[in-house]
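Thanks, everyone. Let's take a quick look at salt bridges. Here is the model.

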Amino acid sequence: MKKIIEIPRITDPRGNLAVIENGVFPHDIKRVYYLHDVPSGAYRGGHAHKECVELLIAVSGSFEVILDNGTTKERVMLNNPSEGLLIDVNIWRELENFSSGAVCLVLASHEYDEDDYIRNHETYKSLKS
Ligand code: TYD
């Protein structure tokens, strides 16, 4: 379930430069958003998407993502700006344990559409079974 994508980077004593182009994200990027100033103890996510695929990157700090395919759960720590977590359709995700200063950058294959969300876990489980 866990799919990590290595993000090419140009290392430099002046600081590293990570580049997302040429299919690093295996979809057209229709939307970019980021979570920042997340208070400690906050919980984000808690939904699945029907069509939208997302790539999550901890561009600063760290946080944990719980992936749930309706049968098994997997906890993934993101703390490396050179790694993206690809979340396919129909995967329930929850984000928690944000460090101070953490920023979660998200590349999305679709524009925002509330109808693409499954926000109720019971509904999600019944759709998966
Ligand atoms: P929500 O899905 O709860 O955020 P997260 O999954 O990161 O915890 O979204 C919070 C609010 O922001 C909700 O009202 C929907 C809105 N929203 C947009 O308007 N556009 C977007 O691209 C996203 C991701 C959310």
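First, the term: a salt bridge here is a side-chain nitrogen of Lys or Arg within 4 Å of a carboxyl oxygen of Asp or Glu. Keep in mind that this is a predicted model. By that rule, the count is eight salt bridges.

Start with Arg75 and Glu64. Their side chains form a salt bridge, at 3.0 Å from N to O. Arg75 sits in strand β8, residues 73–78, and Glu64 in strand β7, residues 63–68. The two are 11 residues apart, so this pair links distant parts of the chain. Glu64 is buried, at 15%.

Next, Arg93 and Glu54. This is a salt bridge too, with the closest N and O atoms 3.0 Å apart. Arg93 belongs to strand β10, residues 92–96, and Glu54 to strand β6, residues 54–60, so the bridge ties together parts 39 residues apart in sequence. Buried or exposed, these two, Arg93 and Glu54? Both are buried.

Now a helix. Glu122 and Lys125 meet in a salt bridge at 3.7 Å, N to O. Both lie in helix α1, residues 121–128. They are three residues apart, so about one helical turn separates them. Glu122 is exposed, with a relative accessible area of 53%. Lys125 is partly exposed, at 36%.

Note on methods
Residues numbered from 1 in each chain as written. Predicted model: local features only at pLDDT ≥ 70, side-chain atom pairs only at ≥ 80, totals over all residues. Heavy atoms only, no water. Helix = DSSP H or I, 4+ residues; strand = E, 2+ residues; numbered from the N terminus. Buried < 20%, exposed > 50% of the residue type's maximum accessible area, 1.4 Å probe, protein only.
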